[in-house]
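Please look at the model first, then read on.

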Amino acid sequence: SRLGSAGRRAVERGDAPAGIRLLTRAVSLAPTPGVSASLRLPLCQAMNDVADPTRFDAQVSAAIAEATEAGDERLRLRFEHLRIASALLYEPTATPPERVADDLRSMAEALEILGDDEGVAECHYQLASVAWFLGDAARFEEAARRALEHAIASGNARSIARAADYVISAT
């Protein structure tokens, strides 16, 4: 839909508030659970960018249910990744960072098998964040470089910009 495309473009160019408005409307008009879940991915990313944990969690829960109903394992994994990655942002003491990193590595492997470069890039970006949180410069740089490699392969401008920023920070 045009509304969904406009929302995705807004999120990619860094305009999270506009993306949230457009994608929330597009989700409400989605004809199937699969379409709705695919629209919720950039919506949840935008909500995470503006740190809206209540709405984020509700959207992720709905999206996991929709992706499961649609039989889309790749999309379900992407939402599980978002939930895991947000743990350090919203509840930094609730889950040990090492456990978050282990879960993210597992997600990255599964998404790589499914051929989802954008999802793999996002996992490695979050792995870099965990490494930074732990003060591990070598792992930060390694994860940032892998994030950039997969982001470029995906062609997603938002992922490329975020990963490139981390690579620059690492050097």
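A search of the whole structure finds two aromatic pairs. Rings of Phe, Tyr and Trp (its six-membered ring) pair if their centres lie within 6.5 Å; planes under 30 degrees apart count as stacked, over 60 as edge-to-face and the rest as tilted. The pairs are listed here.

| Pair | Centre to centre | Angle between planes | Type |
|---|---|---|---|
| Tyr125 and Tyr166 | 4.3 Å | 20° | stacked |
| Phe140 and Tyr166 | 5.0 Å | 45° | tilted |

This is a predicted model: local features need pLDDT of at least 70, side-chain atom pairs count only at pLDDT 80 or more, and totals for chains, interfaces and linings use all residues. Residues are numbered from 1 along each chain as its sequence is written, and side-chain values use heavy atoms, with hydrogens and water left out.

Helices (H or I, at least four residues) are DSSP runs, numbered from the N terminus. Tyr125 lies in helix 7 and Tyr166 in helix 9 (residues 157-170), so their pair ties together parts that are 41 residues apart in sequence. Phe140 lies in helix 8 (residues 137-154), so its pair with Tyr166 in helix 9 ties together parts that are 26 residues apart in sequence. Tyr125, Phe140 and Tyr166 form one aromatic cluster.

Phe140 and Tyr166 are both buried. Tyr125 counts as buried because its relative accessibility is 14%, and the value for Tyr166 is 16%.

The charged end of Arg162 sits over the ring of Tyr125, 3.8 Å from its centre. For this, NZ of Lys or CZ of Arg must be within 6 Å of the ring centre and within 35 degrees of the ring normal.

His124 is also in helix 7. His124 is buried, with a relative accessible area of 7%. Contact means heavy atoms within 4.5 Å. Leaving aside neighbours within four places in sequence, His124 is in contact with Ala108, Ala143, Arg146, Ala147 and His150.

Helix 5 (residues 73-90) has 18 residues and reaches 25 Å from its first C-alpha to its last, close to the 26 Å expected at 1.5 Å a residue. The expected span is 1.5 Å times one less than the number of residues. Among the buried residues of helix 5 are Leu75, Phe79, Leu82 and Ser86. What covers the buried residues of helix 5 includes helix 7 (117-134) and helix 4 (53-70).

Key. Helix = DSSP H or I, 4+ residues; strand = E, 2+ residues; numbered from the N terminus. Buried < 20%, exposed > 50% of the residue type's maximum accessible area, 1.4 Å probe, protein only.
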